[in-house]
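Please look at the sequence and the model before going on to the notes.

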Amino acid sequence: MGKVAMLREYQQRAIDMLYAWFEAGGRGNPCLVLPTGSGKSHIVAALCKDALQNWPETSVLMLTHVKELIEQNAEKMRLHWPGAPMGIYSASIGKKQLGEPITFAGIQSVRSKARMLDHIDLVIIDECHLVNHKDEGGYRKLLAELTAINPALRVVGLTATPYRLGHGLITDKPALFDDLIEPVSIEELIFKGYLATLRSKVTKARLDTSGVHKRGGEFIESELQAAVDTDDNNQRVVREVIELAGDRKAWLFFCTGVKHANHVAEVLRQQGIAAECVTGETPKKEREQMLADFKAGRLRALTNANVLTTGFDYPDIDLIAMMRPTMSASLYVQMAGRGMRVKSHTDHCLVLDFAGVVATHGPITAVQPPKKAGDCNGEAPVKVCDNCGELCAIAVSICLACGHPFPEPERKKLELRDDDIMGLEGKDLEVSSWNWRRHVSRASGKEMLSCTYYGSLSDKPITEYLPVLHDGYAGQKAMRQLMTMANSSGAHLAEAAHMEGSEGLEYLAVQMSNSKPPTSIEYRLDGKFHRVLKRSWT
């Protein structure tokens, strides 16, 4: 028997936070927000296994929209639970297996099969941002019919992009999902070595979309392709890619349509680059051979139109050329996510943004969710390095690519604090996420809480320790601080009063991780440890 897969710490944290949400009285349907590359399929597998082993009568339906994701999710299920009672129902895979407690299915194959599926207790939807926010479409039709069979049905969504073009967040009413649970950030995954960084450049060649109309908030594809897919554009882009690529070995091009993707592949071949084009029209065997050749290094470049986003993973992609302007933040994140897997030969992926999508949507760690229909768009939080042209988050102080410093922003007038008689300012950190854990001191063996604050990719995480179980003044002070932070973050800690020791700390850590972190902190190095002077929620 093969080795059973184990969850990473943050993957177990995701499940713990989900259960904590339900135990805290969460009603309706929650959505786990997990960055591309965080291993959603492992979390799904562990969740299914846990549900079946704790509640053997549970019936689980795992839904998604492409066969690659169905196969990935089913494969990880077998890794976590060899011999799991599961079936696959997907016409594109050629399997129609029903009757097992766990069913992995494609929405296209089961959208009208509610009676055949019968009593379902839990529906898990991968890429759940595709579920219509209105009560219409295949997902909503199936869920309505399954709910009629079992009114106690619960739905859990998973996505890296919890928003829909023209609607905003997937929790904005009317919507299927009621709350977002965010267990881990891109910054934390990169810091811990689970994801690779992206670097993006302002390119000389720019694809002009002026005059291209929009429908439903997105560019009309026929007009977009006509504007972008010109011989001059394609030649200029390919020449610049070759100029900037250096010895990068795996290039992925995102194009506006089938004709565009084919034309770009032709130009690449004319320039001596081994390239092929993958579209929805490519026959299955031919497509599989192209992907195999790409991964083996026999092809240096792949062009595609709307197919190599979700469900396609090749970690060693080290250059992405974005030639598809889009108003969809979800599509932008999915495209960029293809370059974030940890690589065997480099620490980053170069993103050449000919389409202006980074400037439109912001850095990948601070994507601006789409506005609701009729709302005005704000300015994307990016700035350009004068030295090398790198696109950087607005908050960073130095360019991540070349180290060139950005001009210092105007600082606020120094204000003396009661605990700072010398008037020495602490350092500021714009917080993107936080993670709470039970911590055991190596020196004393005592248990306490730790809180790690994550900022941008250039910021080192800051950790503080709260000895809430200690006797005397130190423990009382830490507990008062915890209660203050809980009130500001919206955490519910009432149940902790009935728990002791490790159990209580684990509960507190999950509840605090599941709450809203401060938008910024001010901190200072105090000996070997950091002391957080101020936390701000705005």
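Which residue in E16 stands opposite valine 278? It is asparagine 304. This is a predicted model, in which local features need pLDDT of at least 70, side-chain atom pairs count only at pLDDT 80 or more, and totals for chains, interfaces and linings use all residues. Residues are numbered from 1 along each chain as its sequence is written, and side-chain values use heavy atoms, with hydrogens and water left out.

**The sheet**
- Six strands form an open sheet with parallel pairing, in the order E11-E18-E17-E14-E16-E15.
- Strands are DSSP runs of E with at least two residues, helices runs of H or I with at least four, numbered from the N terminus; two strands pair if DSSP finds at least two bridges between them.
- Strand E11 (197-201) and strand E15 (275-278) are the edges, and each pairs on one side only.
- E15 runs parallel to strand E16 (residues 301-304), joined to it by four bridges.

**A helix on the sheet**
- Helix H9 (residues 231-245) packs on the sheet and touches strands E14 (251-254), E17 (319-322) and E18 (348-353); contact means heavy atoms within 4.5 Å.

**Helix H15**
- The 13 residues of helix H15 (residues 501-513) should span 18 Å at 1.5 Å a residue, and its end C-alpha atoms are 18 Å apart, which agrees; the expected span is 1.5 Å times one less than the number of residues.

Notes:
Axes fitted to C-alpha atoms, helices over the stretch in contact; angles between N-to-C directions.
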